[in-house]
Amino acid sequence: MAAVQDGQLNMEVEKDIKTEITNDGSGNINANSSSPGSTSSGGKSKSPAGSGEDQQTLLAVLQFLKRNKLTESVDILRREAGLSADADDSPVSDSAGAGSGGVPNVSADGGDANSLLSRVSIATPVAPPATAPPKVVAASGGEDQPDVNVVLSAYSQQGDPVLYPLYYNGLKKFIESVLDCHRAELSQVFYPLFVHMYLELVYNNHENEAKQFFEKFSGDQECYYEEDLRILSSMSKKEHMKGNETMLDFRTSKFVLRISRDSYQLLKRHLQERQNNQIWNIIQEHLYIDIFDGMPRSKSQIDAMSGSLAGEGKRDANKAKVFYGLLKEPEIEVPLDDEDEEAENEEGKPKKKKPKKDSMGSKSKKQDPNAPQQTRIPLPELKDSDKLDKIMNMKEATKKIRLGPDNLPSICFYSFLNAYQGLTAVDFTDDSSLIAGGFADSTVRVWSVTPKKLRRVKSAADLSNIDKESDDVLERIMDEKTASESKILYGHSGPVYGISFSPDRNYLLSSSEDGTVRLWSLQTFTCLVGYKGHNYPVWDTQFSPYGYYFISGGHDRVARLWATDHYQPLRMFAGHLADITCTLFHPNSNYVATGSADRTIRLWDVLTGNCVRILTGHKGPIHSLAFSPNGKFMASGATDGRVLLWDVGHGLMVGELKGHTDTIYALKFSRDGEILASGSMDNTVKLWDTLKAFDDVELDDFTAATGHIHLPENSQELLLGTYMTKSTPVIHLHFTRRNLLLAAGAYNP
């Protein structure tokens, strides 16, 4: 019972069910339940007896293993099955299973054995201790490595295709007849069962039966699986399954269902009484049932969390400790301030600064208990220019507008007109002085949004003539002849899908369909480095809030962590089942969030490379992420038009904001975290009261353990305003240091 991850239950199920599937040659499937003490021919007995069919199948598997030089596996399997050393060398008879509906013929060349083993991952078994009971042991690799017993059952479970609709219909009628409190939970089984039964029919070349099965039951599935079902319906022949990515996702990842113990016992009892082994085998092989103690969840609670390609996240996946607090800000001496504001009240100035530090969340002298160690990951040291920038930031923050339901921000919208090059990405610098756009014609364009024009550094020859000791040396090194309002950066050989400014405004990152990430200098407006690691389009890239590190993600489903001075990635984060569509660093830079077309969000630990959160609930590919300034909460937007709010510490959904009618490409929290702005392809910007959204949520240990979330239907109460553009989809949002909201998009006439 590798599929059910619950220690106590494992033992119980081992006792209750030891099913062995045999075939009587006429297509009827028989199930024999045996008590732990009895022996059967399913690999529990030392004698090689069993039925002729079992022995033929065993020999075919042995020959396949031998041919692939898996000698250790051959020895263990032969020893466990009680076969003599030369038994597997005897020719395999074609007589076994030749009857209609019987076990398919296996020729000595192992053709069908090959097909069989291509359906399951081969695990090298571990030899049992001498005192172990005589049975085939599974490898120590965990629930995703089936033992030889599973291989055999997967091979022989091709029942009469005519019975598949009867099996499914029988289960459907049973689930519809149970108490309401269990029905919602057990109904989760329908979709993965439907998918795997359909694929099994297609795999075994029962094309007509598969088509009829699909037409009969596809309408029963939840609406949010519509796109998956459309792809599934196009696979009507075995050949279609080869190399199909969706197909691989369904077959290689276990679909996770979270079910209460009472509901699970009901299902188990029903399948035992009906001896419905076809369904039981699929549940064992392809489903991961995450059992919890307590009340079953309601339909609305289940719907809130479901919709991803592989079901819900396992509860264990969200139990790791996440240090979501902010790092302590370095204390900066500010001698320059005295000169700047000498004329103004000198006594008032220090007072202004203290509240400012707190409002930034820069943390006072105390270390935040939820923050990581300052030295947990190496961060770049502050340069003098960084310190100056922080001082400017502090000054700006003293003039910051405090936002709230009664004090909404002004919005400044930057429309890209005549953008026939196809605007695909936008970013603003933190101080809002520059804006950059990535375009489908493979260019990156940078504009100054202040009166200060963009200038290049002078040539090396001219620089040698400059007095390096002068006070205005930084101005003197710039070449006035090159001053212009915008610059175009050439280098990519495909559309540019992601761009990101470094915090110090000296660099710009861009990612492209050509599989590269490029680092550009904003002093010389040239490309400094091309990072090559992805083999397919790179959909997004983002700098760390501290600079130096950056993250990229794309079509190859792997996110990569880079440092600007390394040409190879420092970390590779693998786990998503589809394209990584958006990436974002946590404000403390110790974690990275990735959103994917598999409809999940994952949070990765930069230090260890581990996935520490799997968040499910979106019903479409995720295209935008935003962390609250205090690092405790996250917002995500997707093609389903919903904004979901998450508690990072508990790994739970805490809010759902409905209102947009199209894909949400932009999310941003205000500088104090009181307002969330969302921008969508429906040509609107919406403002939400996140302070109220987060205050309304009460999390306790039980909620965190079981996922019993009660999401209030209060989207309209939280919506503070909707602002429409004439015909411009919103693809980026940015709050200035004074809390003015900047938005950007390309006018779509």
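This briefing covers the chain as a whole, then one threonine, then its aromatic rings and the charges above them. The model is predicted. The chain has 749 residues, and 53% of them are buried. Its secondary structure consists of 23 helices and 33 strands.

**The chain as a whole**

- The accessible surface is about 33600 Å². Carbon and sulfur atoms account for 51% of that surface.
- Take the contacts between residues at least 6 apart in sequence: 61% of them join residues at least 24 apart.

- Threonine 443 counts as buried because its relative accessibility is 4%, and the cut-off for buried is under 20%.
- The side chain of threonine 443 has a polar contact of 2.7 Å with the side chain of aspartate 441.
- Another polar contact, at 3.3 Å, runs from the side chain of threonine 443 to that of arginine 445.
- Leaving aside residues up to four places away in sequence, threonine 443 touches Gly437, Gly438, Ile488, Leu489, Tyr490 and Val496.

**Aromatic pairs**

- The whole structure contains 23 aromatic pairs.
- One of them is stacked: tyrosine 191 with tyrosine 225, at 3.7 Å centre to centre and 5° between the planes.
- This pair links distant parts of the chain, 34 residues apart. Tyrosine 191 belongs to helix α8 (residues 190–203), while tyrosine 225 is in the loop between α9 (207–217) and α10 (226–233).
- Tyrosine 191 and tyrosine 225 are both buried.
- Phenylalanine 633 and phenylalanine 694 also form a stacked pair, with 3.7 Å between centres and 5° between the planes.
- Here the partners are 61 residues apart, and the pair again links distant parts of the chain. Phenylalanine 633 sits in strand β25 (residues 633–638), and phenylalanine 694 in helix α21 (residues 690–695).
- Phenylalanine 633 is buried, as is phenylalanine 694.

**An aromatic cluster**

- One aromatic cluster is formed by Tyr168, Phe190, Phe194, Tyr198, Phe213, Phe214 and Phe217.

**Charges over rings**

- Arginine 445, a polar partner of threonine 443, places its charged end over the ring of phenylalanine 439. The distance to the ring centre is 5.3 Å.
- Lysine 487 lies over the face of phenylalanine 525, 5.8 Å from the ring centre.

How values were computed. Residues numbered from 1 in each chain as written. Predicted model: local features only at pLDDT ≥ 70, side-chain atom pairs only at ≥ 80, totals over all residues. Heavy atoms only, no water. Helix = DSSP H or I, 4+ residues; strand = E, 2+ residues; numbered from the N terminus. Buried < 20%, exposed > 50% of the residue type's maximum accessible area, 1.4 Å probe, protein only. Contact = heavy atoms within 4.5 Å. Areas by Shrake-Rupley, 256 points an atom, 1.4 Å probe, with all protein chains shown as cover. Polar contact = N/O pair within 3.5 Å; in protein donor to acceptor, adjacent residues only side chain to side chain. Phe/Tyr/Trp six-rings, centres within 6.5 Å; stacked < 30°, edge-to-face > 60°. Lys NZ or Arg CZ within 6 Å of the ring centre and 35° of its normal.
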